[in-house]
Amino acid sequence: MSPNLALSEILLATYPLPPASLEKLLALAEYVELPKGTMLFRDDALAHHVYVVQRGLARVYARRADREVTFWFSEEGSVVASIRGYTEEAVSYETVELLEDSGLFRLNMRALLALYREDIHLANWGRVMVERVWKQTEQQLIARQFRTAEERYADLLHHSPHLLHRVALGHLASYLGITQVTLSRVRAKRK
């Protein structure tokens, strides 16, 4: 599959765009291959790009003095943006690190925002993209507040079992809001 075809499918899965609007987004995108360990965004720097993951996996997390808290994983078909950088042009709250060698489409954020001002279809695409990120964040927050560790793990197994083979257990435990010891106990119970 050609990179542009893959990008078209991903963009249209977010929101249907007329051909002329889609072409504007495709023209803005630059395909990049980045190695595992690359930081797409840092919590101490202004983000300048939005990424679309064609191949690979990224972890979105915040650093605290004694630990890292994983918010979510972005995999194939995901749009990755620093929401604070995107909406406020301010330094990110989160850090985004590639967990695998990845193929991504990079879009310059300022150029993307300029397209929104001239094309209502692209503005709507951007709105829907951000709404999805907010929804994902809200779901994660609610799960951590109101669901047990066993329920959160069961949900992970139901919706994203492949992550067990792609993500280190420490990152999974952080994502679930539990310790690695608790994750080991929960996994042992299910066997």
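Predicted model: local features only at pLDDT ≥ 70, side-chain atom pairs only at ≥ 80, totals over all residues.
Residues are numbered from 1 along each chain as its sequence is written, and side-chain values use heavy atoms, leaving out hydrogens and water.

β1 and β8 (residues 102–108) pair in the antiparallel sense over five bridges; two strands count as paired if DSSP finds at least two bridges between them. Both belong to an open sheet of four strands, ordered β1-β8-β3-β6 with antiparallel pairing. At its edges lie β1 (30–34) and β6 (79–80), each pairing on one side only. Strands of a sheet pair through backbone hydrogen bonds, either parallel or antiparallel.

Now step back to the whole protein, which has nine helices and eight strands. These are DSSP runs numbered from the N terminus: helices are H or I with at least four residues, strands E with at least two. The C-alpha atoms fill a box of roughly 55 × 35 × 30 Å along the principal axes.

How much of the protein is buried? Of its 191 residues, 46% count as buried, meaning under 20% relative accessible area with a 1.4 Å probe, protein chains only. As for contacts (heavy atoms within 4.5 Å), residues 24 or more positions apart account for 72% of those with a separation of 6 or more.

Conventions: Buried < 20%, exposed > 50% of the residue type's maximum accessible area, 1.4 Å probe, protein only.
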